[in-house]
Amino acid sequence: MEHPDGVDATPASAAQSQEAIGSEPPALDEQRAVDLRAAYEGAGVQEVLDELDRHLIGLRPVKARIREIAALLVVNRARQQVGLDTTAPSLHMSFTGRPGTGKTTVAERMSQILHGLGYVRKGHVVTATRDDLVGQYIGHTAPKTREMLKRAMGGVLFIDEAYYLYRPENERDYGAEAIEILLQVMENNRDDLVVIFAGYKDRMDVFYQSNPGLSSRVANHIDFPDYSAEELLAIAQLILASENYRFSEEARAAFADYIQRRMQLPFFANARSIRNAIDRARMRQANRLFSSLGRSVTKLDLMTLEAEDITASRVFQGEVEGLDPARPLT
């Protein structure tokens with residue numbers, strides 16, 4: 001008989017019991033040393049964390065939590081190296097927050113850390129939604145779910161908007177079957193697969209309350225806060241620099257105004273909305289330059305977004321752009 005905690009609860013024989021009384025734990029070499037910094041750097045952890053700092057503005061609590069998990073993994077490996085019995089840490093995670101807060105990017109970096117430290121074989125990320133896991137008829141869900149798990153094995157399975165897996169109001173829904181398969185594989189293959197569930201915090205809380213078996217297997221919960229207006233402006237400038245664009249002073253002020261207005265409108269998606277706005281501003285700049293075919297343009301002209309490329313947005317009229325494909329952006 002096995003104890004729920006994994007300890008063998010079968011009574012030992014009398015001889016075994018007597019032998020156990022007189023036995024002593026094996027001696028450990030208490031002076032054996034492990035260089036934690038070398039292990040940390042050798043696995044590329046610091047490099048990944050530095051990359052997070054370079055490419056993700058803000059998110060201090062998220063980055064701090066990732067560093068804590070990385071430290072746990074390094075120390076766990078060190079304990080194994082000196083012969084200490086070590087229980088493998090539970091690595092399945094929950095990322096909660098609104099769209100555009102960096103959840104997918106952090107999942108990719110987390111996978112790199114896990115791979116560098118030898119916790120997963122490949123270090124890749126497979127992204128899935130309900131449509132990838134749940135079938136439409138009897139016998140369809142299991143093969144779909146197992147196929148996604150097979151693709152993710154050796155890395156990370158990132159399930160976005162995971163709460164859509166569970167639809168208790170529909171008795172003929174097959175999401176529960178997908179969850180059951182996920183639970184089995186998360187337990188049996190936890191040394192070769194990490195599952196990250198992601199979505200809005202309030203909906204994820206209900207999802208875990210409705211599936212306690214799932215909640216008990218997810219040890220690491222990380223909440224991704226919304227970006228501030230200042231952080232969103234810094235993100236915009238980072239995007240522009242990566243693509244060899246720049247704001248004029250007037251355009252920078254106009255875009256700061258745009259951010260304040262856009263944050264108050266529906267369907268705001270943090271950095272994702274900012275990238276979309278930059279793409280539309282680039283389109284307006286291209287149209288503006290193209291309308292002046294009679295003159296030459298300089299390298300600076302080609303790089304610079306002007307205020308008019310920003311203020312032409314319908315956001316300044318209190319509307320969300322891009323919802324109606326029939327309406328042009330300019």
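Predicted model: local features only at pLDDT ≥ 70, side-chain atom pairs only at ≥ 80, totals over all residues.
On the H3 side, the residues that make the contact are Val 45, Leu 49, Leu 52 and Asp 53, and they meet Lys 63, Ile 66, Arg 67 and Ala 70 in H4. Sorted by class, this H3 and H4 contact has 5 nonpolar residues, no polar ones and 3 charged ones.

Next comes the pairing of H4 with H5. Helix H4 takes in residues 60-81 and helix H5 takes in residues 103-116; they pack at an angle of about 15°, with 11 Å between their axes. Angles under 35 degrees count as roughly parallel, which means that H4 is roughly parallel to H5. As for handedness, H4 and H5 make a right-handed crossing. In H4, the residues that meet H5 are Val 62, Ile 66, Ile 69, Ala 70 and Leu 73, while H5 brings Val 106, Met 110, Ile 113 and Leu 114 to the contact. By class, the contact of H4 with H5 has 9 nonpolar residues, with no polar and no charged ones.

Two residues of H5 are worth a look in turn. Val 106 lies in helix H5, and Val 106 counts as buried because its relative accessibility is 2%, where the cut-off for buried is under 20%. Setting aside neighbours within four places in sequence, Val 106 is in contact with Leu 52, Leu 56, Val 62, Ile 66, Phe 95 and Phe 224. Take Ile 66 from that list: Val 106 and Ile 66 are 40 residues apart along the chain, and their C-alpha atoms are separated by 8.6 Å. Ile 66 also turns up among the H4 residues that meet H3.

Gln 112 is found in helix H5 too. With a relative accessibility of 32%, Gln 112 counts as partly exposed, because that label covers values between the 20% and 50% cut-offs. Once neighbours within four places in sequence are left aside, Gln 112 is in contact with Val 48 and Glu 51. Gln 112 can also be placed relative to Gly 123: the two are 11 residues apart in sequence, and from C-alpha to C-alpha they are 5.4 Å apart in space.

Terms used:
Residues numbered from 1 in each chain as written. Heavy atoms only, no water. Axes fitted to C-alpha atoms, helices over the stretch in contact; angles between N-to-C directions. Helix = DSSP H or I, 4+ residues; strand = E, 2+ residues; numbered from the N terminus. Parallel < 35°, antiparallel > 145°, perpendicular 65-115°, else oblique. Left-handed = near helix turned anticlockwise from the far one by under 90°. Contact = heavy atoms within 4.5 Å. Nonpolar A, V, L, I, M, F, W, Y, C, P; charged D, E, K, R; others polar. Buried < 20%, exposed > 50% of the residue type's maximum accessible area, 1.4 Å probe, protein only.
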